[in-house]
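Visitor: Could you show me how to read helix packing and pockets in a model like this one?

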Amino acid sequence: MILKLLFVPLISVFVISSSLYLHDSDRLYWMVVTAILFNASIFLDKRYPWMRYIQFIFLGAFHYTTELNWCILLYYILIISQIYNKDRIRESMPISFFIILQYSLIRLAYSTITGYNVLVSVFDGLASIIVVLSFHIVNHLESEKRKLYKQNDYLTYHDSLTGLLNYEGYLQKVQHLIEVNKPFQLVLLDINNFKSLNAKDITTANEILINFSRSVRRLFLNDMLAASRYAGDRFAILLPEHVNIDSSMFNFERIGVQVTYSITCYPHEAMTYQEMISTAEERIFQMRRNTWLQSQEELMRSEKMKMVGELAAGMAHEIRNPLTSIKGFIQLSKNQSYNIQPWYEVIMGEITRVGELTAEFLHFSKPHASNMRAESLRDCVARVFSLCESEAASHGHLFTPTRG
């Protein structure tokens, strides 16, 4: 309220001078004393708030000694001073009414009570209402204007989703810390596989980012100099130099995410603003690259084990067939005093086949030369007959090949 401090003394001097000129008053001493008391209460009310409650007394005394209606300007200034921090009209109106009522009573004390003077008092009351309403309208517009400026400034340097600093705010904060030469640690956090995590919809992605930002706040609640979210899924945290950091702190599995992080210290690892940012970004890039390579190795190992499982299932099936044939021929030979002469070649062929399948299983990862060659279809069919002969005989059947 600079205007209050400027105009109150000027108006007070003008009123005293006018009173002396118009009334040839002998109350100069009391006018000066009451003016000094009123002005002192105006100047010192910030240091001594209790003075706000007695300012109307000093103003009333000054008004009564000067006997001039021009004191109403001081009353209006006092009203505005008293309601300056009031947001609601219903809080301002009683104060305004009380001060104007004081002015009207004092004015009528040194004036003749006539219909004109009564109407003037009513007019002064209406004028005070208009003053209060006008002040609140102007104050409301200014308040909205300040809110818009504040909101615009907030959106300029903050992320609207998480409330953390955005990239511009993050760069500005780093630059400020370096300018004031304050040692700090820059921790970059990158959520792994964020695109796969938010594959469902944008709501899922926003929930992940919001929960992650809350976890970061809780993690460094008492030490964090600043925190930022930028580039979608990347976070930057500025911490004092004395904060100890280890990998166990960045366990966010309870919210379903894993992170890659890097730490860069100022001034030990970078001396300038540009060097600090580039070092931190290069370090997180290398960490992400190493994490990606590890994930690819894990993926290849997983695929290899899957292939082994599929191959083992296939091998079990392939080995079971010759073993079934061998078992059948052995059972068939039992009825012929264990004479395996008729099926000897077939049994040995099946045993050889089992050995070859086992060798292929043990060396599946090594390349093998193709062993494809032309074979007689008649021989292949005859072999199928011989392999199935034991199974057919055990069920009382007999294969009889026909000539085409």
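**Helix packing**

Guide: Let's start with a contact: Ile72, Tyr75, Tyr76, Leu78, Ile79, Gln82 and Ile83 of H4 meet Ser92, Ile95, Ser96, Ile99, Ile100, Gln102, Tyr103 and Ile106 of H5. Contact means heavy atoms within 4.5 Å, and helices (H or I, at least four residues) and strands (E, at least two) are DSSP runs numbered from the N terminus. By class, this contact of H4 with H5 has eleven nonpolar, four polar and no charged residues. Here Ala, Val, Leu, Ile, Met, Phe, Trp, Tyr, Cys and Pro count as nonpolar, Asp, Glu, Lys and Arg as charged, and the others, Gly among them, as polar. The model is a predicted one, where local features need pLDDT of at least 70 and side-chain atom pairs 80 or more, while totals for chains, interfaces and linings use all residues. Residues are numbered from 1 along each chain as its sequence is written, and side-chain values use heavy atoms, without hydrogens and water.

Visitor: At what angle do H4 and H5 pack?

Guide: Two packed helices are described by the angle between their axes and the distance between the axes. For H4 and H5 the angle is about 160° and the axes are 10 Å apart, which makes H4 roughly antiparallel to H5. Axes are lines fitted to C-alpha atoms, for helices over the stretch in contact, and angles run from 0 to 180 degrees between N-to-C directions. Under 35 degrees counts as roughly parallel, over 145 as roughly antiparallel, 65 to 115 as roughly perpendicular and the rest as oblique.

Visitor: Are H3 and H5 roughly parallel or antiparallel?

Guide: Helix H3 (residues 55–66) and helix H5 (residues 89–109) pack at about 25°, with axes 10 Å apart, and are therefore roughly parallel. H3 passes H5 in a right-handed crossing. Phe56, Leu59, Gly60, His63 and Tyr64 of H3 make the contact with Phe98, Gln102, Tyr103, Ile106, Arg107 and Ala109 of H5. Seven of these residues are nonpolar, three polar and one charged.

Visitor: Which residues join H3 to H4?

Guide: Gln55, Phe56, Leu59, Gly60, Phe62 and His63 of H3 meet Leu74, Tyr75, Leu78 and Gln82 of H4. Their axes come within 11 Å and cross at roughly 175°, so H3 and H4 are roughly antiparallel. In the loop between H3 and H4 sits Glu67, whose phi is near 55°, a positive value in a residue other than glycine.

Visitor: And how much space lies in the largest pocket?

Guide: Rolling a probe the size of a water molecule over the atoms shows where empty space is left. The largest pocket holds about 420 Å³. On a 1 Å grid over the protein atoms alone, a cavity is a set of points where a 1.4 Å probe fits but cannot get out; a pocket is an open set with protein on both sides within 12 Å along at least five of seven lines, and lining residues have an atom within 4 Å of a point. Grid points are joined across faces, edges and corners, and the volume is the space filled by probe spheres set on the points. Of 14 lining residues, Asp190, Ile191, Asn192, Asn193 and Arg288 lie nearest the centre. H10 gives the most, with five residues.

How values were computed. Left-handed = near helix turned anticlockwise from the far one by under 90°.
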